[in-house]
Amino acid sequence: MGKNKLAKFEENLNFSNLFQLPACMVDWQAPWKGKWKENYFKNNNPLILEVGCGKGEYTVELARKHADRNYIGMDIKGARLWRGCKTAEENAMQNVAFLRTKAEFLDRIFAPKEVSEIWVTFPDPQPNKENKRLTSPAFLERYAKILDTDGIIHLKTDDTALYEYTFHQVVEKNAHIILDNTSDLYAPEETYREMMDIQTFYEKRWLQEGKKIKYISFRLRK
């Protein structure tokens, strides 16, 4: 393990906006479950979660654009989260926090209906492991446990197979409610969407390489 990664792990211990959950989650419940707004954010604003947030670029920029909403970025890689935590702390951002844990433990961390929206941005497409895809029915069941009644799920990806799987095999097949959908977000004929304003490092690189960015948002069928 490189010294740079070790230094980030050490600095992570001092970030007030980072919550690192125990490796063993058997019978464990987050003490702030159901109380994120009250105990951490000190307001009653909507809570938006980014699952698999990587370096936290998207979480930070969403929080920067919407001071009237609370944002939490989640990832299992501490060295990645370091960047988002540091940026948010350096800019004294009070509406953003980060979680180091696995998405499988969402219902241990958030109470029913505590989350208003879930973002999944450029996740690992997991071509050979359907249940590990962050838009698979297995994960949608987890999201359903914490999402508000009218909660929204967003997927933004460059991976055609993941997009088509999510659109056809998950959303359409299960009659979930599509709110927005495009196979080429930046096509000239497309109308403006707010999520076009935020581009991660890799998104910019993929656009330069000519890759098309796909986007779909939907609500779970009740």
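How many helices and strands does the chain have? I counted eight helices and eight strands. A note to myself before going on: this is a predicted model.

**Overall build**

I looked up the dimensions next. The C-alpha trace spans about 45 × 40 × 35 Å along its principal axes. For 222 residues, a compact globule would have a radius of gyration near 17 Å, and the chain agrees, with 17 Å. I also checked burial, and 48% of the 222 residues are buried. Taking contacts between residues at least 6 apart in sequence, I found that 75% join residues at least 24 apart.

The accessible surface comes to about 11600 Å², and carbon and sulfur atoms hold 47% of it.

**Cores**

I then turned to the nonpolar cores. The largest has 38 residues, and Trp-36, Leu-49, Leu-99, Ile-109, Phe-110 and Tyr-143 have the most contacts inside it. Helix H7 (residues 160-172) gives this core its largest share, six residues. A second, separate core has 24 residues, including Ile-48, Leu-81, Ala-88 and Phe-98.

**Ser-217**

Is Ser-217 buried or exposed? Its relative accessible area is 4%, which is under the 20% cut-off, so I logged Ser-217 as buried. Ser-217 sits in strand E8 (residues 214-219). Not counting residues up to four places away in sequence, Ser-217 touches Ile-152, Ile-153, His-154, Ile-177, Ile-178, Leu-179 and Asp-180.

Note on methods: Residues are numbered from 1 along each chain as its sequence is written. This is a predicted model: local features need pLDDT of at least 70, side-chain atom pairs count only at pLDDT 80 or more; totals for chains, interfaces and linings use all residues. Side-chain values use heavy atoms; hydrogens and water are left out. A nonpolar core is a set of buried Ala, Val, Leu, Ile, Met, Phe, Trp, Tyr and Cys residues joined through side-chain atoms within 4.5 Å. Buried means under 20% relative accessible area, exposed over 50%, partly exposed in between (1.4 Å probe, protein chains only). Helices (H or I, at least four residues) and strands (E, at least two) are DSSP runs, numbered from the N terminus. Contact means heavy atoms within 4.5 Å. The radius of gyration is taken over C-alpha atoms; the globule rule is 2.2 Å times the number of residues to the power 0.38. Accessible areas come from the Shrake-Rupley method with a 1.4 Å probe; for residues, only the protein chains shown count as cover.
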